[in-house]
Amino acid sequence: KIQILPVSSILLLVCNLQGYASLCSLITLGRRRCEKGESEVTLEECCLHSEGLYAIWLPEREDTGHLKIMKQAFGNRFFMMICRHKEAKDPILENRIRNHAKRYGIRTVAGQEILYHCTSHRPVQDVLSCIRHRRSLSNCENLLKPNALHELIGADEFLNIFDDDPASVQATVEIARNCSFRLEDVRYIYPEEIHSDRISVVEYLRELTHRGALQRYSGRPPEAISKQIERELQLIEELEYASHFLTMHRIVEWCKQQDIMCQGRGSAANSAVCFCLGITQIDPIDMDLLFERFLSRERDAPPDIDLDIEHERREEVIQHVYDAYGRDRAAMVAVVIRYRIRSAIRDVGTVLDIPASELQRLSKQLNSYGSIAPDDFVRAGLDPSLRTHCLLAELSNAIIDFPRHLSIHPGGFVFTTGPIHEVIPVENATMPNRTVIQWEKDDIEAMKIFKVDLLGLGALTQLHRCFELISQHRGIDLTMNSIPTDDEQVFAMLQKADTTGVFQIESRAQMSMLPRLKPEQWYDLVVQIAIVRPGPISGGMVHPYLRRRAGEEAVEYPHPCLASVLGKTLGIPIFQEQVIKLAMTVADYQPGEADQLRRDMAAWRRVDRLERHREKLVSRMVAKGIKQKFAEQVFDQIRGFGEYGFPESHSASFALIAYAASYLKCHYPAEFACSLLNSQPMGFYSPSTIVEDTRRHGVRILPIDVHFSRRDCTVEPCRESTGGYALRIGLRYVKGINNKEAKSLESTQIAVQSIEELMHETGISKATVKKLAEAGALRGLAANRRTALWMAHGIRTRKEILPTLENSTEFRSLSLEESTAWDYRSTGVSSNGHMLQHYREQLRAQGLPDAKTVNNMPDGRRVRFVGAVICRQRPANASSVVFMTLEDETGFVNTVFWPRCFERYSTLAKTLSLLGVEGTLQVASNVVHLIVDHVWKPTDFSLWKDFRSRNFH
């Protein structure tokens, strides 16, 4: 039995994967123990095996009690390491090691601590060390190395350093030669699903699939679906993937039992088996989807099944998976968070002792995905020539894309047959009751390990809540399946781009496309979602499709055989599946070859991977009788298409949700907005924008009131409101109130008659009472907000000995403008309307129109406009063009900043929340853009409260 060993005292060089996983488990467990005040851990409980491992002792203190134990445990595979970096402590430490090695008969091994590949990277290493230890450079003490002799050195230099100790060098060579493990040697086996009947997993999967087919097709599955099911089941059996499908079916069934909305998406929607098992909601036969996009014999990779789950209930599903499969056999996949320029500036600047205010000013001038330049310092009011600022720029740019910390994949789960730590390194996550492996999804894919994705989707949470509100208040039971799919009012709303808050089609780009595409049926939404992507724009596919759809251009096919492939999209390739079918049709690609083409397109930045298909595609098309010139054109089209490759199955799954959300927004605006506000954070817009859009649709907005408001927003009967219901803002929007306090306030709603009674009955703090007073939530207990706030200050708690303030004092009521400003400051939303409506007369006097007026002006009109910035976007494929959405009480104005204009006014454009712009209107197909050429800062808005915009630049 191996005795207890200090974790910090050993380093294991591994020759097999099991040893590596055990080492990581040892380190992780040791760290957790140390956090609890325990410094030791047994090797035995970490499942650490000595076979194939080398143990190297790194003495950090005079502690020889365990040397004999280590020698006994590892025998001749136990060494004591000697490192030489020309540091003052090296001779003393080496002499100690040699004495211990001689005393216990332990061999020594030569080694170097390598921290960077060349000495020029030493400053980066020093900065990263300070970041890791959360110290500034001036307060790093002895955490940094005293010299730059920690670079990667060659064999000759290594031999020169240890020329007096050839035996230790020989030990190093011996260990290196024996470290011959290859990842290809690992055999991963997916755990077999257990079921009650005495039949194989394949037979059980077949039974469930056919049972589901009968339910999907009302007892009479079409012949085409039966044939497809049989073809898929044969391949699943051949590839031994049956348990994987049963796992997903098991999770979906459990979600249904718990009334948790879920829906499979992505390439899984190409599978008839997934459709019959209830994992996906898209009929692949009806939509003519390509199964090989999901699974093929030549693909040599496990199927990718993604399951979207209500985001607020996803943790329930995660814990169910842990309970069902065991914490020792299931863990979540990791994500390595890497440095971007803003996080690099923040961390490096802290190390260099640069004031946080300067770093914040500088960060506002930077794009999310870029580097820092001297001009950025100038725009931030800083001196770029200052030595500290030069170091900040140099070191920040150097660490961009470096790993920063480990996080958890949005939903990736890995299952193993045996203990998972014997295959993959595992550690406890920050969140309780979670474990996470230390590999990313790309590592998992390289190892051909099955990954199950359980993804949180806010849109499903919102839909579920909206259905419940409609059932509760109107007695109408709706589901995604029962909503009519041909509602004319819904499509009329979509054609006007009235989609604020609607999943997938609410962004500026989507809203600009809707009036042009003019969706008339559900499948148009499938195209709509897929076409607003970087690739179609840069690939020149958007305008040809729109012209053909509008009848302005004839629908033509490059070759008659492609009519069946591109017929649904008017001869223009839109989806990944079409490219795969195109290769299979005109170049006789086998399914596996076509899928490899898809993978190579996904890695389009590596041009060599796609170019290797050129000769194969072109030569096969020529052999089929297609002209050389046309064959080259087809390949160029595929290459242009490769930048985005959006799958039809993925778009179709999202289109189901988008249409359902559109239907609810059209017919039940109050319930739609209420469920959307209660599902935050999600979507593209802030709560204030959602509230203003709801008001513009005729729904009355009711203020927060402790007598009527619950924690969440609610709907209340109201004759003056569209649809007969008003929206009441919930207590959750009062900043600084936690869930417990909000629940306490719910339980005492109408009973209390005074502020003192409210405080003592609910047990909320005095600070919370002040927050409620400022938010106007005490309107039934005081004459106005100022009086309520004064009374809140005057309440005496048990801990206070000050005399109670005179509560009879009354203050002047807030103006409507002041009330709105207080609302935004205390809750972020307002029942009094948009802040700019209170300045409308002032703006009109300056000749500044509102958004509704701007959107009704003709093409080419010069316009000056003032609005709140709610969104900034700089798409990677837009040639540095910046798009901003400005808002007022009447709607949105979409603005376009060409690079020269944006650079000229970058400080104002990046930092102001209330922006004045001037430019020329560009109007086409009912889509309005303001091309900006001048920017200014509006003045005389004394009570303006900053809006928080969503920035993607």
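How are H4 and H12 oriented to each other, roughly parallel or roughly perpendicular?

1. Orientation of H4 and H12. The two helices are roughly perpendicular to each other, a label for angles of 65 to 115 degrees, whereas angles under 35 count as roughly parallel, over 145 as roughly antiparallel and the rest as oblique. The axes of H4 (residues 122-133) and H12 (residues 341-351) cross at roughly 90 degrees and come within 9 Å. Axes are lines fitted to C-alpha atoms, for helices over the stretch in contact, with angles running from 0 to 180 degrees between N-to-C directions.

2. Basis of the model. This is a predicted model, in which local features need pLDDT of at least 70 and side-chain atom pairs count only at pLDDT 80 or more, while totals for chains, interfaces and linings use all residues. Residues are numbered from 1 along each chain as its sequence is written, and side-chain values use heavy atoms, with hydrogens and water left out.

3. Contact residues. H4 contributes Val 127, Cys 130 and Ile 131 to its contact with H12, and H12 contributes Asp 347, Val 348 and Val 351; contact means heavy atoms within 4.5 Å. Of the residues in this contact, 5 are nonpolar, 1 is charged and none is polar (nonpolar: Ala, Val, Leu, Ile, Met, Phe, Trp, Tyr, Cys and Pro; charged: Asp, Glu, Lys and Arg; polar: the others, Gly among them).

4. Helix H4. The buried residues of H4 are Val 124, Gln 125, Asp 126, Val 127, Ser 129, Cys 130 and Ile 131, and they pack against H12 and H15 (387-398). Buried means under 20% relative accessible area, exposed over 50% and partly exposed in between (1.4 Å probe, protein chains only). At 1.5 Å a residue, the 12 residues of H4 should span 16 Å, which agrees with the 17 Å between its end C-alpha atoms; the expected span is 1.5 Å times one less than the number of residues. Arg 134, which follows H4, has a positive phi near 55 degrees.

5. Three-stranded sheet. An open sheet of 3 strands has the order S14-S16-S15 and mixed pairing. S14 (701-702) and S15 (714-717) are at the edges with a single partner strand each, so one side of each lacks a neighbour in the sheet. S15 and S16 (residues 725-728) pair in the antiparallel sense over 4 bridges; strands pair if DSSP finds at least two bridges between them.

6. Whole protein. The protein has 40 helices and 22 strands, taken as DSSP runs numbered from the N terminus (helices: H or I, at least four residues; strands: E, at least two). Buried residues make up 53% of the 953 residues.
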